[in-house]
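I opened the model and kept notes as I went. The entries follow the order in which I looked things up.

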Amino acid sequence: MSLFAFLKSRTAFWLSFTGTTTGLAFFVKDLMQGGQFTKETNETGKVFIVTGANTGIGKETVREIAKRGGTVYMACRNLKKCEEAREEIVLETKNKYVYCRQCDLASQESIRHFVAAFKREQEHLHVLINNAGVMRCPRSLTSDGIELQLGVNHMGHFLLTNLLLDLLKKSSPSRIVNVSSLAHTRGEINTGDLNSDKSYDEGKAYSQSKLANVLFTRELAKRLEGTNVTANALHPGVVDTEIIRHMGFFNNFFAGLFVKPLFWPFVKTPRNGAQTSLYVALDPELEKVTGQYFSDCKLKEMAPAATDTQTAKWLWAVSEKWTKPTMIKIQ
């Protein structure tokens, strides 16, 4: 074989290999995007709140609800980013009833101010989507002294939800959607050190907060029996969003060059990550379904720890003590 023929054959091989690998990656990527909520619904006249709505899953959730005619309040910590996202969504959907309001879930005062302002503007709330979250961040505290992942992912949403229950009941049938994670299956509620004061592991703290989401959902559903207000939790999938910003390994140069391309086929886009949130929030067939856990637009089994009634009641009592939802009101 001549040198030219050898090089030619190697070039053809590598071109073929590259093409096949790329095609396979896109095929796997498509398979991993999960279920799609394609049912047509008209949300005109309904009022929604979506936390963490300026980016990622929350932003795509707002975009789709706006397309369907809903009135949406984007509850965000960063108002500048929120306004930028809102402008994009309004221009695309031609729905002017999309609003930005500041709500920092790491501050109970901010949450109370958000709720007070919302109640001055709206008499109804049909769907509350507790979407915001932080993940595997270095240990820090909310302004109220609560470990940040527990404080934002669970306590903040616990307070927000309880402060809005009167409007949700008034607007029934209505829904509460809590975005949890598959990580709840690895979670454990550390009753001896819930706030991670004695020791802190960022992964364990995140899993604990996601388990708290599901325990809260189930206990809330029980307490809302007979009100025609439902509460469900969900896993959105592994999604490419800003929530991984604290995971240093995925943000360094090496990861960007070698690791992220390997993970890319297995990660959902934000639009596809929002599908289960939309399904649980909008599907008419789920109007009376409550206390359940969903993934890929399907009902899924939750971890055994998430069905522990005693732990759920204990967590509720502690959450009430730490947030005092019925004791402090801001006009």
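Is Ser-196 buried or exposed? I found Ser-196 buried, because its relative accessibility is 9% (buried means under 20% relative accessible area, exposed over 50%, partly exposed in between, with a 1.4 Å probe and protein chains only).

Ground rules. I am working with a predicted model, where local features need pLDDT of at least 70, side-chain atom pairs count only at pLDDT 80 or more, and totals for chains, interfaces and linings use all residues. Residues are numbered from 1 along each chain as its sequence is written, and side-chain values use heavy atoms, with hydrogens and water left out.

Entry: Ser-196. I placed Ser-196 in the loop between strand 5 and helix 6. Helices (H or I, at least four residues) and strands (E, at least two) are DSSP runs, numbered from the N terminus. I read a phi near 55 degrees for Ser-196, positive in a residue other than glycine.

Entry: Arg-139. Arg-139 sits in the loop between strand 4 (127-130) and helix 5. I noted it as partly exposed, because its relative accessibility is 34%. The side chains of Arg-139 and Asp-197 form a polar contact of 3.0 Å. A polar contact is a pair of N or O atoms within 3.5 Å; within protein, one must be able to donate a hydrogen and the other to accept it, and residues adjacent in sequence count only if both atoms are side-chain atoms. I also checked the C-alpha distance: Arg-139 and Asp-197 are 9.7 Å apart in space and 58 residues apart in sequence.

Entry: helix 5 against helix 11. How do the axes of helix 5 (residues 148-170) and helix 11 (residues 309-323) cross, and at what angle? They come within 10 Å and cross at roughly 80 degrees (axes are lines fitted to C-alpha atoms, for helices over the stretch in contact, and angles run from 0 to 180 degrees between N-to-C directions). I therefore logged helix 5 as roughly perpendicular to helix 11 (65 to 115 degrees). From helix 5, the contact residues include His-154, Phe-158 and Asn-162. From helix 11, they include Leu-315, Trp-316 and Trp-322.

Entry: I counted 15 residues and a reach of 21 Å from first C-alpha to last, close to the 21 Å expected at 1.5 Å a residue (the expected span is 1.5 Å times one less than the number of residues). At its start, a side-chain oxygen of Asp-308 comes within 3.1 Å of the backbone nitrogen of Gln-310. Its buried residues, among them Thr-311, Ala-312 and Val-318, pack against helix 4 (108-121), helix 5 and helix 6 (202-223). Lys-324 follows the helix, with a positive phi near 45 degrees.

Entry: other backbone features. The peptide bond from Ser-172 to Pro-173 is cis, with omega near 5 degrees. I found Pro-173 in the loop between helix 5 and strand 5 (174-179). Cys-297 is not a glycine, yet its phi is positive, about 60 degrees. Cys-297 lies in the loop between strand 7 (293-295) and strand 8 (298-300).

Definitions and conventions. Angles under 35 degrees count as roughly parallel, over 145 as roughly antiparallel, 65 to 115 as roughly perpendicular and the rest as oblique. Contact means heavy atoms within 4.5 Å.
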